[in-house]
Amino acid sequence: MRKIFHRQAEAEDFIMGLKMREYCRRMSYLTTLVIPIAVALVIAFVGLTHPQWPRVYFIIGFLAALILLPGVTLGLKLSCTPVVEEDVEFLGTYGPGWIGVRHVNGAVARYHHRGLYEMHQSGHVRRGERLRLRFLEEEIISWESLED
């Protein structure tokens, strides 16, 4: 009986962990700033409506909400957002800062990446070259050439 309950509790913790991870992943970057501001405003409002309580607690809470909480919410968002690594074929440039690539499944996509654009303009990356790109959501965070 105890093992069954323990396994059920582990399963519920796992499901709640997945739900929390999904929420943090879908949370916008604006939300990582709005939540701390809202918490700080609530702390300030309570501090103003209850003058008999020590002010130092509200000052510390207000500053912590504005300084620490944005880092915590942004850290949760970034830690729950997966980094995707894909091998692609470089197709060329499409205007200032825009590059074109062909994915393994044949889909052609354009991304904004100033570094790859400049490397192509200087001749270090050629059309048809195989690259490994790392994406965080839709942004290229790093790349490397597969042809050496």
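Two strands are taken to pair if DSSP finds at least two bridges between them. Helices (H or I, at least four residues) and strands (E, at least two) are DSSP runs numbered from the N terminus. The structure is a predicted model, in which local features need pLDDT of at least 70 and side-chain atom pairs count only at pLDDT 80 or more, whereas totals for chains, interfaces and linings use all residues. Residues are numbered from 1 along each chain as its sequence is written, and side-chain values use heavy atoms, with hydrogens and water left out.

By these criteria, strand β1 (residues 83-93) and strand β4 (residues 130-136) run antiparallel and are joined by seven bridges. Within this pairing, valine 83 of the chain lies opposite leucine 136 in β4. In general, strands of a sheet pair through backbone hydrogen bonds, either parallel or antiparallel.

The chain contains four helices and five strands, arranged along the sequence in the pattern α-α-α-β-β-β-α-β-β. The five strands form an open sheet with antiparallel pairing and the order β3-β2-β1-β4-β5. Strands β3 (108-112) and β5 (139-145) are at the edges, and each has a single partner strand, so one side of each is left without a neighbour in the sheet. From one strand to the next, the twist averages 45°; axes are lines fitted to C-alpha atoms, for helices over the stretch in contact, and angles run from 0 to 180 degrees between N-to-C directions. Helix α4 (residues 114-121) packs on the sheet and touches β1, β2 (98-102), β3, β4 and β5, where contact means heavy atoms within 4.5 Å. The direction of α4 makes about 35° with that of β1.

Among contacts in the chain between residues at least 6 apart in sequence, 48% join residues at least 24 apart. The chain has 148 residues, 24% of which count as buried; buried means under 20% relative accessible area, exposed over 50%, and partly exposed in between (1.4 Å probe, protein chains only). The accessible surface of the chain is about 10500 Å², and 64% of this belongs to carbon and sulfur atoms. Accessible areas come from the Shrake-Rupley method with a 1.4 Å probe, and for residues only the protein chains shown count as cover.

Tyrosine 117 is found in helix α4. With a relative accessible area of 17%, tyrosine 117 is buried. Not counting residues up to four places away in sequence, tyrosine 117 touches Thr93, Gly95, Pro96, Gly97, Trp98 and Ile99. Tyrosine 94 is 23 residues from tyrosine 117 along the chain, and the C-alpha atoms of the two are separated by 9.0 Å.

A salt bridge is a side-chain nitrogen of Lys or Arg within 4 Å of a carboxyl oxygen of Asp or Glu. The count by this rule is eight salt bridges. In one of them, arginine 132 is bonded to aspartate 87, with the closest N and O atoms 2.9 Å apart. This pair links distant parts of the chain, as arginine 132 is in strand β4 and aspartate 87 in strand β1, 45 residues apart. Arginine 132 counts as partly exposed at 23% relative accessibility, and aspartate 87 counts as partly exposed at 24%.

Arginine 132 also forms a salt bridge with glutamate 144, the closest N and O atoms being 3.6 Å apart. Here too distant parts of the chain are linked, with glutamate 144 in strand β5 and arginine 132 in strand β4, 12 residues apart. Glutamate 144 is partly exposed, at a relative accessible area of 31%. Through shared partners, salt bridges join Glu85, Asp87, Arg132, Arg134 and Glu144 into one network.

In helix α4, glutamate 118 and arginine 114 are four residues apart and thus separated by about one helical turn. These residues form a salt bridge with the closest N and O atoms 3.7 Å apart. Glutamate 118 is partly exposed, with a relative accessible area of 45%, as is arginine 114, with 43%.

A nonpolar surface patch of about 770 Å² is made by Leu33, Ile37, Leu41, Ile59, Leu63, Leu66, Ile67 and Leu68. Patches are made of residues with over 30% relative accessible area and no salt bridge; like charges are joined within 9 Å, and nonpolar side chains (Val, Leu, Ile, Met, Phe, Trp, Tyr) within 5 Å. Helices α2 (31-49) and α3 (55-80) are the elements that give two or more residues to this patch. The largest share, five residues, comes from α3. Isoleucine 67 is found in helix α3 and is exposed, with a relative accessible area of 60%.
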